[in-house]
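Open the model in your viewer and keep the selection tool at hand. The tour has two stops.

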Amino acid sequence: MMYITRRERFNAAHRLFRPEYSDTKNMEVFGKCSNPNWHGHNYELFVTVKGTVDPETGFLINLKALSKLIREKIIQKIDHKNINLEVDFMQGQMASTENLSVAIWNELEKPVRHLGAKLHCVKICESENNFVEYFG
Ligand code: NI
């Protein structure tokens, strides 16, 4: 089995909070990510797909097509946006990196299959030291 990864980047704002908590309790539970006036992250998204190499092209997947797909389904909707308020696939959820990785997986799984590969991992780096990986 062969794996190939495409990286895309986006910048987005969010706030982690529960409306029933006070600002103080939100700060205790969610730290700086609960800042009442929002804040942003420079996210990195790594989409890994798996499959077999097409002997005709030598490719597992057309990376240009994969990049276009990620841009259309994810980046255009989230880049320079507020994840809590503006991103359709994150509505009604805590805007955590964990939930974001699951939501992105759900957006990409089927269209990746249509490109002839299988989604293997969605990895999101929220900061230099924190990242999440979701394998479905
Ligand atoms: Ni944050």
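Buried means under 20% relative accessible area, exposed over 50%, and partly exposed in between (1.4 Å probe, protein chains only). This is a predicted model, where local features need pLDDT of at least 70, side-chain atom pairs count only at pLDDT 80 or more, and totals for chains, interfaces and linings use all residues. Residues are numbered from 1 along each chain as its sequence is written, and side-chain values use heavy atoms, with hydrogens and water left out.

**Stop one: the metal**

Select the nickel ion. His 14 (NE2), Cys 33 (SG), His 39 (NE2) and His 41 (NE2) coordinate the nickel ion at 2.0 to 2.1 Å. Donors are N, O and S atoms within 2.8 Å of the metal (3.2 Å for Na, K and Ca); water is not among the atoms, so sites may look incomplete. The angles among the 4 donor atoms run from 93 to 126 degrees, and the site is tetrahedral (four donors, all angles between 85 and 135 degrees).

Now select His 14. His 14 counts as buried, at 0% relative accessibility. Cys 33 is buried too, at 13%.

**Stop two: helix α4**

Select residues 97-114, helix α4. Helices (H or I, at least four residues) and strands (E, at least two) are DSSP runs, numbered from the N terminus. Look at Leu 108: a kink of about 35 degrees lies there, shortly before the proline Pro 111. The bend at a residue is the angle between axes fitted to the seven residues ending there and the seven starting there.

Which residues of α4 are buried? Among them are Leu 100, Ile 104, Trp 105 and Leu 108.

Definitions and conventions: Four donors count as tetrahedral if all angles lie between 85 and 135 degrees; four count as square planar and six as octahedral if opposite donors are over 155 degrees apart and all others between 65 and 115; anything else is irregular. The expected span of a helix is 1.5 Å times one less than its number of residues.
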